[in-house]
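Here's a quick briefing on how a protein packs its inside and where it leaves gaps.

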Amino acid sequence: MSTAEPMSSPVPIVLAGARGHGRWHLDNIRRLQDKGIVRLAGVCELTPLTPAEIPEGLGTPEQSADFGALLDTTGARIAVVCTPIPTHTDLALIAARKGVHLLLEKPPAPSYAEFRRMADGVAEAGVVCQIGFQSLGSHAVPAIRGMIDDGVIGEIAGVGGAGAWARPESYYRRAPWAGRRRLHGVDVIDGALTNPLAHAVATALALAGATRATDVTGIETELAHANAIESDDTSCVRVRTADGREIVVAATLCAEDPDDPYVVVHGDRGRITYWYKQDRVLLQRAGHGPEEFEYGRTDLLENLVEHLTDGTELLVPPAATESFMRVVEAIRVAPDPVPVPDDAWRLLPGEERRVVPGIDGLVAAAADTLALYSELGAPWAFTTAHPKEVSP
């Protein structure tokens with residue numbers, strides 16, 4: 001059924017959370033405003049943006065720390081929520097109750113219960129919610145799914161994901177919730193797999209065709225940290241799916257030589273590697289030379305507007321992130337991450353960041369072999385959660 005509705009153009013938008021990653025949304029709203037698609041009507045921040053913080057061309061949007069009041073006074077039709085993870089559900093429901101549609105940043109919630117409260121509340125209110133997994137807007141995703149369905153690389157054995165990134169120690173001082181599992185008794189779950197490299201997990205699940213909660217039958221996690229934080233900065237997860245496949249995603253924010261993250265689909269007659277930040281795909285298969293493809297990408301805010309105005313299919317509704325939230329939940333209930341021993345990491349003095357020697361190779365090997373860190377011989381790794389099954 002189409003959810004298209006009469007909506008004046010440009011569509012008035014309120015952005016909640018305009019600093020940090022929110023600056024990307026400001027620039028994107030400016031791009032879409034230049035196209036006549038949206039209009040920035042308001043900004044919700046605890047401390048108002050200065051004129052210098054508002055990109056040229058966005059004018060002087062109304063500002064308030066009261067999200068609900070701002071939605072009322074601006075007449076917003078869409079809210080972009082890019083606030084700390086524990087606030088997502090409450091803010092989404094405030095918007096939903098006012099009939100305002102949503103672009104909700106990832107991860108959508110810090111627990112499966114909070115995710116369900118958000119998704120069910122949004123559905124009950126009759127508004128539309130898009131989850132901000134930008135990689136799932138890439139035209140590479142349906143193209144790869146088509147290759148899989150056509151048997152281009154044969155029978156699929158599993159999907160691997162690799163993210164070897166670097167973050168300085170200051171990254172964990174950027175906000176009170178950074179690098180925390182909980183804050184003031186509230187779940188945060190700001191770990192490598194659930195926040196900065198969440199796209200690797202969500203994209204691997206999407207390529208495996210395992211996006212719903214019922215598609216997941218088991219989850220194993222290995223969580224560790226080299227930085228002085230309570231959450232994980234070096235972790236991996238294995239997801240078992242209802243169709244018998246395995247998905248292993250390995251991540252670190254302590255790489256020696258940071259590189260673009262990727263997802264790799266393993267078939268018995270080849271493999272497909274997808275660098276999701278570049279929308280670039282490498283197809284390797286028996287009897288053929290390697291083939292490279294580059295794809296376009298549909299912006300998720302633009303897709304949301306088109307869905308509302310002409311019924312274009314919504315790319316990332318909450319239902320498409322259920323299995324990802326199962327992974328978040330497994331990480332949430334797992335024992336606390338183990339510290340990487342002092343002799344297994346070092347500080348790069350010029351960059352003020354911690355590095356785990358050898359981790360780049362471990363991340364790549366995990367994606368390549370669908371093995372966990374402990375199975376690859378990492379002495380500091382062990383399985384911290386191994387439920388036999390996951391109930392929907």
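**Pockets, cores and rings**

Let's start with the largest pocket: α1 (22-34) and α3 (88-97) each supply at least two residues of its lining. Keep in mind that this is a predicted model.

**The largest pocket**

- This pocket has a volume of about 1,400 Å³.
- There are 43 residues lining the largest pocket, and the closest to its centre are His21, Gly22, Cys82, Thr83 and Trp177.
- Sorted by class, the lining of the largest pocket has 22 nonpolar, 12 polar and 9 charged residues.

**The second largest pocket**

- Helix α5 gives the largest share of the lining of the second largest pocket, with 3 residues.
- By class, the lining of the second largest pocket splits into 8 nonpolar, 6 polar and 2 charged residues.

- How many cavities of 30 Å³ or more does the structure hold? The count is 1.
- The largest cavity has a volume of about 40 Å³.
- Around the largest cavity you'll find Tyr171, Tyr172, Asp190, Gly191, Ala192, Pro196, Ile229, Asp232 and Leu253.

**The nonpolar cores**

- In soluble globular proteins, nonpolar side chains tend to be buried together.
- Here, the largest nonpolar core has 103 residues, and the members that touch the most others are Phe67, Met118, Ile247, Val265, Ile272, Leu301 and Phe324.
- Helix α6 (residues 198-207) brings the largest share of this core, 8 residues.
- A second, separate core has 24 residues, including Ala162, Val264, Tyr373 and Trp380.

**The aromatic pairs**

- How many aromatic pairs are there? The count comes to 7 aromatic pairs.
- One of them joins Tyr112 and Phe115, with 5.6 Å centre to centre and 50° between the planes, which makes the pair tilted.
- Both of these residues sit in helix α4 (residues 112-125), where Tyr112 and Phe115 are 3 residues apart, or about one turn of the helix.
- Is Tyr112 buried or exposed? Tyr112 counts as buried because its relative accessibility is 10%, and the cut-off for buried is under 20%.
- Phe115 is buried too, with a relative accessible area of 0%.
- Another pair, Phe133 with Phe324, is edge-to-face, at 4.9 Å centre to centre and 75° between the planes.
- This pair links distant parts of the chain, since Phe133 is in the loop between β6 (129-131) and α5 (140-149) while Phe324 is in helix α8 (residues 322-333), 191 residues apart.
- Phe133 has a relative accessible area of 0%, so Phe133 is buried.
- Phe324 counts as buried as well, at 2% relative accessibility, and you've met Phe324 already among the residues that touch the most other members of the largest core.

Conventions. Residues numbered from 1 in each chain as written. Predicted model: local features only at pLDDT ≥ 70, side-chain atom pairs only at ≥ 80, totals over all residues. Heavy atoms only, no water. Core = buried A, V, L, I, M, F, W, Y, C linked by side-chain atoms within 4.5 Å. Buried < 20%, exposed > 50% of the residue type's maximum accessible area, 1.4 Å probe, protein only. Helix = DSSP H or I, 4+ residues; strand = E, 2+ residues; numbered from the N terminus. 1 Å grid on protein atoms, 1.4 Å probe; cavity = no way out; pocket = protein on both sides within 12 Å on 5 of 7 lines; lining within 4 Å. Points joined across faces, edges and corners; volume = space filled by probe spheres on them. Phe/Tyr/Trp six-rings, centres within 6.5 Å; stacked < 30°, edge-to-face > 60°. Nonpolar A, V, L, I, M, F, W, Y, C, P; charged D, E, K, R; others polar.
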